[in-house]
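Trainee: Please show me the sequence and the structure, and then we can go through some questions.

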Amino acid sequence: MSTGLALTFFGASLLLNVLSSAVLAERLDQVGERFRFPPGLVGLMTALGADSPEIASAITALVGGQHDLGRGVIFGSNVFNVAFLLGFSALVAGRVTMGRANLLLNGGMALAVTLVVGAEAAGLLGPLGSGLVLAALLLPYVAVSSLRPSTLTRLPLPRAIAGWLAAALGSEKRDEDAAEREGEADASTGRTMSAADGLSILPMLAVIVATSVVMVKVVVVPGGRWHVSEIVVGTFVVATLTGLPNLIAAVRLAAKGRGVTLSSEAFNSNTLNLLVGIYGPSLIVAGSPTSHQGLLSIAWLVAITAAALVLGLVRRGFGRWAGGALVAVYAGFVLSVVL
């Protein structure tokens, strides 16, 4: 295949992929609002829809033996998510407010999962050991994210833990109010979710998977001819471009003042990417050792996640200064991996 034809296929697949992902994320968000799911759960659903291009691309590459490309897509996407979903969104919106307890819940979990999956990818933990740790972390987290603060009073939890969780989930009230106002505005303009909107979820998902397969198959053609390594192609080309739907969803949430849902989307996007795109395939496909550039990407991912968590906790969210700092960290990440 010629380079020009490969780029044409890649561009057309990317366009369909991004548009389908944006529609899928919006539909899942509408489903959550239609059935009045807690904002934390809505963020999980939005993250799952917006993450589908990265996950599909990474799994396609890993199953096809392109391990550096697959890992690069996930690690690059996760660094991009922290820098742009949180940082760039704050630059655009001016200010994204998040409760400290809620930020610690979502960001702390993302950091913990990053450390565990990163250790497994680096060969420091086996699949069984890392799987047990992940299960112990994630099962309670998903259960808690699906609750409302009033439900906590009926659970047999120590008072200190129940109080902290109530504070984390209680900060979702502002997001619920914003979602209700948005729903009222949609109703006044006649824009309501129909059965056809709900049925569009499956076709959109099918298009995302199909176009992700095409992108992974053709992107290596120009990369190989221009002597660009798979890890660089995956980390910056595929990861950044497939991350655009996530960025669109994040900016939309930030503009609507839904900081808690944005926090859930950004951090849970990374958690889902690592679980489904890195850890899951490692249980099925025997991969090669992680390259030096891959290990460097893991280190940057841990660093930027920890930095975002600290900045968010200190400022109760992200302003333009903190947002600019995260984008600057991403620039350092690009230089270090490329050079």
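What follows is a set of questions and answers on this structure.

Mentor: This is a predicted model, in which local features need pLDDT of at least 70 and side-chain atom pairs count only at pLDDT 80 or more, while totals for chains, interfaces and linings use all residues. Residues are numbered from 1 along each chain as its sequence is written, and side-chain values use heavy atoms, with hydrogens and water left out.

Trainee: How many helices and strands does the chain have?

Mentor: Helices (H or I, at least four residues) and strands (E, at least two) are DSSP runs, numbered from the N terminus. On that basis, the secondary structure of the chain comes to 15 helices and 2 strands.

Trainee: What percentage of the residues in the chain is buried?

Mentor: Buried means under 20% relative accessible area, exposed over 50%, and partly exposed in between (1.4 Å probe, protein chains only). The chain has 339 residues, and the buried share of them is 51%.

Trainee: Is Ser130 buried or exposed?

Mentor: Ser130 is found in helix α5 (residues 127–145). Leaving aside neighbours within four places in sequence, Ser130 is in contact (heavy atoms within 4.5 Å) with Val116, Glu120, Leu125 and Tyr279. The relative accessible area of Ser130 is 0%, so Ser130 is buried.

Trainee: At which residue does α13 bend?

Mentor: Helix α13 (residues 259–282) has 24 residues, and at 1.5 Å a residue these should span 34 Å; the end C-alpha atoms are 33 Å apart, which agrees. The expected span is 1.5 Å times one less than the number of residues. A bend is the angle between axes fitted to the seven residues ending at a residue and the seven starting there. In α13 this angle is about 25°, at Leu275.

Trainee: How are α11 and α15 oriented to each other?

Mentor: The axes of α11 (residues 230–242) and α15 (residues 320–338) come within 11 Å and cross at roughly 140°. Axes are lines fitted to C-alpha atoms, for helices over the stretch in contact, with angles from 0 to 180 degrees between N-to-C directions. Angles under 35 degrees count as roughly parallel, over 145 as roughly antiparallel, 65 to 115 as roughly perpendicular and the rest as oblique. The two helices, α11 and α15, are therefore oblique.
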